[in-house]
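Please read it alongside the sequence and the structure.

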Amino acid sequence: VAWSGAVGTTLEGTPMAVGDRVEIASATKIFTATLVMQAADQGLIDLDAPLPQLDAVPWFPYSDQLTARELLEHRSALVDYRATDIWLDDPTRIASPIDAVTASGYLPLQFAPGTEQQYSSVNYMVLGLLLEQVTGRSYDDLLATNILGPLKLAQTTHLESEPGAPRGGAAGIQSTLSDLLLASDGLLKHHSLVSAPAWDAINHLDLVTGMGAGIAGYCPCSVNAAGVHSFFAIGFTGTSTFMAYVPSLDVAIAIQVGDDFFTQPSRMAATVTLIHDLTTKLAAVH
């Protein structure tokens, strides 16, 4: 059973439509994490070994101090590029993942890698560059061949970086809600594109922050008699896009809002509450 609907307008006043192509921003990280795990399954990336020196950013000083797993789980301590002096002085000076990684590399690490968790899009830009280095293929080629093709995501592409929007492995996928539902089903429900151990690594969610390796957990949460914690949904949120899978109800979700989820502090919580109520009612009907 599939359902879709739209209401309201965009900030520009254009009516929302379920067939709109939308840039999913940080929800791109689900796709990048999958590509990294595929490379790990192939023996091209050791998740717990120090990174090789990045060929694309030879002056990046932290490669031998970080692992791919720390990058995936936002435990690297790298400063996000939006918090650097370069970005704050002029965002257009950061026009590529190389620019973003370089800007972050100028600053000291925020804590000892692996000891804390702090969200930073630079983590996934490093991973995108690492993927290109170890495979000898472009990020876009890997995405198209290893994910978009197998999942039949015909309306999904990856946008080029531009001044003020470095994208890379951290952002830039543009898609439709129908394709995002297919992606939620393929990547979050069946996770057939990676091995079982790789999926376990992706789905290893921090019980305090809810963050995992390219995905996040959303409450309401529960603990069963054996002490196992469960999040109501797993997925990721971009600026205005939310894609998730609800394991207990076997429901995939994709939502696009006309503004963004973070303009008002309560908007994301309200959206998750809506999803919980809606999917629970759908499950009761079907």
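Helices α1 and α6 are roughly perpendicular to each other, because angles of 65 to 115 degrees are given that name, while those under 35 count as roughly parallel, those over 145 as roughly antiparallel and the rest as oblique. The model is a predicted one, in which local features need pLDDT of at least 70, side-chain atom pairs count only at pLDDT 80 or more, and totals for chains, interfaces and linings use all residues. Residues are numbered from 1 along each chain as its sequence is written, and side-chain values use heavy atoms, with hydrogens and water left out.

**Packing of α1 with α6**

- The axes of α1 and helix α6 (residues 139-148) cross at roughly 80° and come within 11 Å.
- Here an axis is a line fitted to C-alpha atoms, for helices over the stretch in contact, and angles run from 0 to 180 degrees between N-to-C directions.
- Helices (H or I, at least four residues) and strands (E, at least two) are DSSP runs, numbered from the N terminus.
- On the α1 side, Thr-28, Phe-31, Thr-32, Thr-34, Leu-35 and Gln-38 meet Tyr-139, Leu-142, Leu-143, Asn-146 and Ile-147 of α6, where contact means heavy atoms within 4.5 Å.
- By class, this contact of α1 with α6 has six nonpolar, five polar and no charged residues.
- The nonpolar class holds Ala, Val, Leu, Ile, Met, Phe, Trp, Tyr, Cys and Pro, the charged class holds Asp, Glu, Lys and Arg, and the others, Gly among them, count as polar.

**Packing of α1 with α5**

- Helix α1 (residues 28-41) and helix α5 (residues 122-135) have axes that come within 10 Å and cross at roughly 40°.
- The two helices α1 and α5 are therefore oblique to each other.
- The crossing of α1 and α5 is left-handed, meaning that the near helix is turned anticlockwise from the far one by less than a right angle; clockwise would be right-handed.
- Lys-29, Thr-32, Ala-33, Leu-35, Val-36 and Ala-39 of α1 are in contact with Tyr-124, Leu-127 and Leu-131 of α5.
- The residues in the contact of α1 with α5 are seven nonpolar, one polar and one charged.

**Packing of α1 with α7**

- For α1 and helix α7 (residues 177-190), the axes cross at roughly 40° and come within 11 Å.
- Helices α1 and α7 are therefore oblique to each other, and their crossing is left-handed.
- Ile-30, Phe-31 and Thr-34 of α1 meet Ala-183, Leu-187 and Leu-188 of α7.

**Disulfide and cis peptide bond**

- The count is one disulfide, defined as a pair of cysteine sulfur atoms within 2.5 Å.
- Cys-219 and Cys-221 form a disulfide with their sulfur atoms 2.0 Å apart.
- The link of Cys-219 and Cys-221 is left-handed, with -85° about the S-S bond.
- Cys-219 is partly exposed at 42% relative accessibility, and Cys-221 is partly exposed at 39%.
- For these labels, buried means under 20% relative accessible area, exposed over 50% and partly exposed in between (1.4 Å probe, protein chains only).
- Cys-219 and Pro-220 are joined by a cis peptide bond with omega about 20°, and Pro-220 lies in strand β4 (residues 216-223).

**Positive phi values**

- Most residues other than glycine have a negative phi, and most peptide bonds are trans.
- Lys-152 is not a glycine, yet has a positive phi of about 60°.
- Lys-152 sits in the loop between α6 and β2 and is exposed, with a relative accessible area of 65%.
- Asp-250 also is a residue other than glycine with a positive phi, near 55°.
- Asp-250 sits in the loop between β6 (241-246) and β7 (251-256) and is partly exposed at 44% relative accessibility.

**Two individual residues**

- Thr-157 belongs to strand β2 (residues 157-158) and is partly exposed, with a relative accessible area of 35%.
- Leaving aside neighbours within four places in sequence, Thr-157 is in contact with Arg-21, Gly-172, Ile-173 and Gln-174.
- Thr-157 and Gln-174 are 17 residues apart along the chain, with their C-alpha atoms separated by 5.4 Å.
- Gln-118 is in the loop between α4 (97-105) and α5 and is partly exposed, with a relative accessible area of 40%.
- Not counting residues up to four places away in sequence, Gln-118 touches His-74, Gln-110, Phe-111 and Asn-123.
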